[in-house]
Amino acid sequence: MAAEESDKFALELVVEEGGPCSSSGGGGSSASHTSTRARTRADATRSWLQAHDLLNESDESRVGLVTDEVMLLHCGPAGHPERPARLQEILAQLELSGLLSSCARIPSREASTEELMRVHPEKYIDKVMKSDSAVKKKGKAYALPFGPDTYVNEHTPACASLSA
């Protein structure tokens, strides 16, 4: 895909900073708004997909989409790029472009330990699944046990298992 074509599909996220991103607090953003530029790009994408008959909802070769609102509970420091508003905006832009309704929705489920061990060492899996204890020790809404750019909160183990 040419660079100018890939720009059509780029995600644009405008976020208001400062609000809590879950009922348990935790910084991050409280609202997400699709920009005019992103809406225009989504409309152009929808038109292109319709012109090429790629929004056929009954086609057996549909793309599968797995998503779960539980993922919105993974929330950390204000301004961190991995935040609930980012996922909400991705889904909003997929909806605007028509791609969301043309995907086959697949129910989410947590990965088993056996499945996780196919791609991760057991020690790493244990650290992620017990990462909520780092949050409890700190007495904050999130902690950074994996380094300065990877946060965890009380919902991280469930979110990690769902996202696998």
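Let me begin with E115, which at 25% relative accessibility counts as partly exposed, where buried means under 20% relative accessible area, exposed over 50% and partly exposed in between, with a 1.4 Å probe and protein chains only. Please bear in mind that this is a predicted model, in which local features need pLDDT of at least 70 and side-chain atom pairs count only at pLDDT 80 or more, while totals for chains, interfaces and linings use all residues. Residues are numbered from 1 along each chain as its sequence is written, and side-chain values use heavy atoms, with hydrogens and water left out.

The side chain of E115 meets that of R109 in a salt bridge, at 2.6 Å from N to O, the term being a side-chain nitrogen of Lys or Arg within 4 Å of a carboxyl oxygen of Asp or Glu. R109, for its part, is exposed, with a relative accessible area of 52%. By this rule there are four salt bridges, and among them is E114 with R118, at 3.6 Å, both of these residues being exposed. Another joins K136 and D132 at 3.9 Å.

Turning to rings, the structure holds one aromatic pair, meaning rings of Phe, Tyr and Trp (its six-membered ring) with centres within 6.5 Å, where planes under 30 degrees apart count as stacked, over 60 as edge-to-face and the rest as tilted. The ring centres of Y124 and F146 lie 6.0 Å apart with the planes at 55 degrees, so this pair is tilted. Y124 is partly exposed at 41% relative accessibility, and F146 is partly exposed at 26%.
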